[in-house]
Amino acid sequence: MYAEIVVDVPAKSVDKTFDYFIPKKFENSIELGARVKVPFGPRTIMGFVLGIKETTEFDLEKIKPIYDLLDVTSTLTPELIQLGLDMRQSNISPLITLFKAMIPSALRSTYQKKITPVHLEQLPLDIAALFNDKKEVILTQKHHGLLNKIKSEINKGTIDLTYIVKQKHAKKYVSILKLNKQKANLRGAKQQLLFDYLKHHKSGKKTTIKETLNLSYSTINSLIDKRIITEESLEEYRKIETRYKPNKKQITLNPKQEEVYNKIKQDNQFFSTYLLHGVTGSGKTEIYLNVIEDALNNNKEAIMLVPEISLTPMMVSRFRGRFGNQVAVFHSHLSIGEKYDEWRKIKRQEVSVVVGARSAIFAPFENLGVIIIDEEHTSTYKQETTPRYHALDVAKKRAKMNDIPLILGSATPSVDSYYKALHGEFRLLELPERANLTTLPKVYVEDMAEEFKTGNLSIFSQKLKSLIKDRLRKKEQIILLLNRRGHSSFVICRNCGEVIMCPNCDISLTYHDKSKTLKCHYCNHQEKTPKNCPNCDSKYIRYMGIGTEKVEEIIKETYPKAAVFRMDRDTTTKKNAHEEILYEFEHTGDILIGTQMIAKGLDFPKVTLVGVLVADMSLNLPDYKAIESTFQLLTQVAGRSGRHEIDGEVVIQSYNPDHYAIKYAKTHDYISFYQQEISIRKLSGYTPIYKMIQIILSDKDVGKTLKIGTKITLKLRHHLSGEAKVLGPVLPKVARIKNFYRAQIIIKYKEEPMIHSLLQDVYDTFKDTIIIAVDHNPNLL
């Protein structure tokens with residue numbers, strides 16, 4: 001028997017399956033989707049089994065055997081194998097990168113190079129010294145200075161090189177103590193205490209018993225040695241700590257929710273994509289819970305995606321309140337071991353629901369009943385690194401494969417999704433009112449140019465100042481949004497005008513006051529804040545712009561008695577930091593300051609005021625979706641206010657108060673915003689009217705980047721129809737990142753049957769001379 005295996009080498013030249021002989025000892029145990037250890041050239045590497053067959057068309061003398069099985073049961077399900085093959089049709093990423101994206105990092109193999117001396121006496125002294133009574137040496141970075149010599153000795157045959165496949169994962173085991181004898185002659189009170197404990201409890205964790213009874217390990221081990229008690233090693237899942245207890249509240253659907261739920265329920269046995277457009281607080285989550293409950297009652301499983309890690313604790317609380325231990329959690333802030341344990345719960349069919357961020361779409365369920373994507377408009381569902389994919393596209397493929405409903409929910413659907421709903425590709429469902437009959441918050445738009453003219457130089461308008469004081473007096477809560485972290489956005493010399501730039505990127509460094517450092521938010525470069533200008537040595541250095549850190553500083557100075565919390569990337573680096581901040585704010589806080597991660601999905605009963613400090617920040621970004629993103633951000637964060645018994649208010653501060661994104665956000669009018677935005681898209685030739693693909697080229701030589709970009713543009717224009725538009729190459733606003741210059745080429749088209757094969761040809765032609773990436777329906781650079 002033979003296996004078709006894709007090997008763990010992310011290179012286009014080997015982006016195919018290779019046939020390997022299956023030894024007799026593995027014939028009855030090897031499975032499709034299993035990981036195996038195979039020889040590949042001089043190396044031993046990991047691969048996935050994608051096919052098993054009786055014969056091979058290749059020369060039998062050249063077929064190599066599988067060395068070992070890394071899995072007793074398959075890692076990839078048949079569905080995930082087919083999913084990877086389908087994704088590969090429109091994705092230039094190597095197949096192995098797609099499959100590795102589907103599994104937890106604990107299952108991704110790492111490789112070590114091991115050298116052993118063949119003729120130690122013939123080795124140069126510095127190479128021979130490496131072994132120094134050792135039979136083998138694992139090569140690491142400390143050996144880099146000797147690599148050329150080592151390579152030379154390998155070629156001579158005086159050293160043997162082998163490759164070792166290492167796995168990252170480690171199951172967690174705990175020691176369990178059990179009573180082995182019902183009667184025993186014991187010495188001392190401590191031994192008697194342990195004996196009596198186990199007689200009563202039957203068994204217990206060794207560490208727990210030691211701490212509870214205040215015992216020493218010698219006491220425990222002495223009874224083990226006497227065989228009075230036994231010690232067993234038992235596998236245990238890592239516990240994911242949470243401050244939020246399961247929320248078991250039961251809610252009866254209102255008539256509108258019931259209507260929407262029944263429409264989904266009627267067709268839950270067939271594939272269909274629903275767009276659930278419901279205003280903030282309309283009760284979309286309760287509909288999700290009812291649909292999932294139906295799936296579980298039919299012995300099926302469910303995937304629930306949420307866009308931000310900050311949403312996960314609250315969402316998990318609701319789901320665990322409803323479904324108990326049937327829920328697994330999957331997101332980037334789990335440790336490698338925690339992710340591995342949650343993945344194994346899914347694989348072992350110990351849970352039926354997964355709640356998580358983007359990567360949870362690859363959960364290895366084998367009997368899916370429904371997939372739900374909450375806040376479907378959010379850009380974080382898009383993977384921006386290799387392999388590039390959008391979770392919504394993957395969800396569509398899985399829903400079609402399983403013939404099940406896919407539900408997309410949002411108060412501010414993407415223009416693309418709403419267009420598809422209006423044109424029959426999706427089924428549109430509407431929830432136009434809040435579930436508890438509360439009104440949407442009243443929104444004030446404050447013109448900051450007028451504030452400046454009246455002498456208000458503060459970052460807060462008079463209206464916002466007044467409402468903050470009012471809410472603090474009433475003991476109600478406030479959310480302040482500024483979508484820029486750090487203290488000051490750039491540092492400038494007032495003498496010569498020098499702006500301190502990142503040495504690796506074409507962007508100014510951001511000042512962070514807590515660490516007294518300048519940081520680049522692109523490459524993570526950081527340096528100490530200079531006392532003098534690096535250009536003219538002047539002492540007149542000025543900190544310009546504002547970030548969340550500075551807002552926190554001003555708020556604490558202005559309202560010293562207020563309990564203030566800040567939530568951005570800088571304050572959420574530690575494990576569970578998102579959850580800790582949200583929990584503490586909900587129970588003890590007055591003011592929460594943050595970036596866009598606080599704008600969606602959060603439900604705090606006492607929040608009655610939301611302030612948006614600089615609403616224009618994203619309006620002028622070089623992306624055709626910038627206006628849409630601004631409207632969505634403003635509408636979503638406004639929806640955090642007044643969600644329960646107390647009416648809410650929102651203050652939007654802007655220098656462009658008449659811009660249609662701000663005007664329609666003020667009135668919570670998605671439909672009018674959509675109509676104006678889609679008319680502009682039609683005139684400009686953007687999605688969803690046109691399909692778009694972005695090719696990104698990267699190299700340290702800007703001239704080379706543009707030269708190859710020009711060649712690619714000419715090739716595309718030659719082969720595509722006259723209706724397609726090929727723009728570029730151009731350098732984006734931030735042209736250099738991590739010392740690599742980037743050029744972008746944009747393709748706009750409606751129907752081009754050969755475009756995927758053409759892009760593959762472009763990639764194959766230029767991949768060896770420049771870094772090239774292809775991005776479908778991109779967020780422009």
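So, the lining of the largest cavity: α9 (284-297) and β16 (368-374) each supply at least two residues to it, and α9 gives the most, with three. Helices here are DSSP runs of H or I of at least four residues, strands are E runs of at least two, and both are numbered from the N terminus. A cavity is a set of points on a 1 Å grid, over the protein atoms alone, where a 1.4 Å probe fits but cannot get out, and lining residues have an atom within 4 Å of a point.

Quick caveat: this is a predicted model, where local features need pLDDT of at least 70, side-chain atom pairs count only at pLDDT 80 or more, and totals for chains, interfaces and linings use all residues. Residues are numbered from 1 along each chain as its sequence is written, and side-chain values use heavy atoms, with hydrogens and water left out.

Okay, how much space lies in the largest cavity? About 70 Å³, with volume being the space filled by probe spheres set on the points, which are joined across faces, edges and corners. Among the residues lining this cavity are Asn268, Asp294, Lys300 and Ile404.

The structure holds two cavities of 30 Å³ or more.

Helix α1 (residues 78-88) and helix α12 (residues 391-402) pack at about 130°, axes 11 Å apart; axes are lines fitted to C-alpha atoms over the stretch in contact, and angles run from 0 to 180 degrees between N-to-C directions. Contact means heavy atoms within 4.5 Å, and the residues making this one include Leu83 and Met87 of α1 and Val394 and Met401 of α12.

Notes. On a 1 Å grid over the protein atoms alone, a cavity is a set of points where a 1.4 Å probe fits but cannot get out, and a pocket is an open set with protein on both sides within 12 Å along at least five of seven lines; lining residues have an atom within 4 Å of a point.
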